[in-house]
Amino acid sequence: MNENSKQYLEDFKSYLLVEKNFSKHTVKAYYSDVLGFLIWLDNETCLNANFSKVRDYIHFIQRFDYKKTTVVRKIASVRTFYKFLYRERLIDSNPTINLTSPKRPKSLPKFLTVDEVEKILNNVKMDTPAGYRNRTILELLWATGMRVSELSGLNFENLNLENNEITVFGKGAKERIVLISDRAKKYLERYIKNVRPLVAKGYKLPTQTESSPIFINNTGFRLQNKSIRNAINEIVNNIELPKHVTPHMFRHSFATRLIENGADLRVVQELLGHASISNTQIYTHVSTQHLKEVYNQTHPRA
């Protein structure tokens with residue numbers, strides 16, 4: 001791989017992290033995608049690549065058994081990389097400007113019914129501090145539609161429970177306010193007051209400040225996304241739901257319920273933190289599909 005290109009890639013990574021405020025997960029994916037492109041270029045500098053060269057690379061990766069969504073992301077990564085190079089005036093023209101991508105396949109988000117959510121919540125074992133913490137987490141995911149990364153990143157300064165509000169930082173470090181139900185609020189208040197100090201067994205918690213994490217693990221450090229996913233998997237496996245349940249399904253379920261109950265699309269967009277209304281509109285399709293399923297199951301002439 002060309003040494004200069006390697007340095008441009010490192011600069012690109014810093015740009016995504018610092019200026020674009022992309023999540024570490026997204027930056028890792030973009031970095032890996034562009035690295036693959038630079039390795040394919042071999043010793044040739046990325047600054048000399050033209051449209052034909054980039055198109056050849058796209059044809060190259062399409063030979064492999066990648067999902068269409070993966071190919072779309074790889075193209076987007078290379079395109080963003082060249083936008084960065086053009087922005088930094090390292091190239092006179094952007095070779096990816098006329099590059100077309102295969103259409104991303106549309107798939108409806110999977111969601112849980114109200115009964116399924118309640119079944120999951122009611123099967124959380126709350127006889128331990130960690131169990132009560134997990135129930136509180138699931139109550140919050142269901143009540144607010146937060147991403148799991150937003151929830152795990154909550155600090156005490158983000159809470160305004162008097163007004164049933166929580167400030168979260170979503171993708172691109174965008175700040176928004178989500179609302180919390182009275183039920184979830186009660187669980188959260190009990191957790192903070194009575195349970196949180198007991199979660200870290202045998203470890204002395206540091207003095208609580210506004211920047212202290214709300215949800216902690218058994219050593220007193222911030223609870224990570226993976227731990228939340230593992231807790232949900234354990235609960236779901238015990239009750240044998242016929243669905244693969246993820247934390248994000250609570251977000252989909254939250255949005256679907258709002259739409260089905262007549263919530264304005266713009267309100268749902270604001271609560272979810274979607275940059276574009278088109279991202280929110282998919283839940284109207286989910287709702288319509290649900291109506292058709294109910295119709296087909298219940299109408300005698302369906």
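Predicted model: local features only at pLDDT ≥ 70, side-chain atom pairs only at ≥ 80, totals over all residues.

Analyst: Leu159 has Ile166 of strand S2 as its bridge partner. That pair belongs to the antiparallel pairing of S1 with S2, which extends over 2 bridges.

Between S1 and S2 lies a hairpin with 4 residues separating the strands. Within this hairpin Asn164 has a positive phi, near 55 degrees.

On the other pairing, S2 (residues 165-169) is joined to S3 by 5 bridges, and the two strands run antiparallel. Two of the bridge pairs can be named. Glu165 is partnered with Leu179 of S3, and Thr167 is partnered with Ile177 of S3.

Taken together, the 3 strands make an open sheet in the order S1-S2-S3, with antiparallel pairing. S1 (159-160) and S3 (175-179) are the edge strands; each has a single partner strand, so one side of each lacks a neighbour in the sheet. As a general point, side chains in a regular strand alternate between the two faces of the sheet.

The helix packing can be described through two pairs. Helix H6 (residues 129-144) packs against helix H9 (residues 225-239) at an angle of about 95 degrees, and their axes are 11 Å apart. H6 and H9 are therefore roughly perpendicular to each other. From H6 the contact takes in Asn134, Ile137, Leu138 and Leu141, and from H9 it takes in Ile228, Ala231, Ile232 and Ile235. By class, the residues of this contact of H6 with H9 are 7 nonpolar, 1 polar and no charged.

The second pair is helix H2 (residues 24-41) with helix H4 (residues 68-87), packed at an angle of about 85 degrees with axes 9 Å apart. H2 and H4 are therefore also roughly perpendicular to each other. H2 contributes Ala29, Tyr30, Asp33, Val34, Phe37 and Leu38 to the contact. The H4 side consists of Arg73, Lys74, Ala76, Ser77, Val78, Thr80, Phe81 and Tyr82. The contact of H2 with H4 divides into 9 nonpolar, 2 polar and 3 charged residues.

Apart from neighbours within four places in sequence, Glu19 is in contact with Ser14 and Arg87. With Arg87 there is a polar contact, side chain to side chain, at 2.7 Å. Glu19 and Leu205 are 186 residues apart in sequence, and their C-alpha atoms are 34 Å apart in space.

As for confidence, the protein chain has a mean pLDDT of 87, and 94% of its residues reach 70 or more. Among the elements of the chain, helix H8 (residues 182-199) has the highest mean pLDDT, 95. Helix H12 (residues 277-298) has the lowest, at 71.

Technical notes
Residues numbered from 1 in each chain as written. Heavy atoms only, no water. Axes fitted to C-alpha atoms, helices over the stretch in contact; angles between N-to-C directions. Parallel < 35°, antiparallel > 145°, perpendicular 65-115°, else oblique. Contact = heavy atoms within 4.5 Å. Nonpolar A, V, L, I, M, F, W, Y, C, P; charged D, E, K, R; others polar. Pairing = 2+ DSSP bridges. pLDDT = per-residue confidence, 0-100. Polar contact = N/O pair within 3.5 Å; in protein donor to acceptor, adjacent residues only side chain to side chain.
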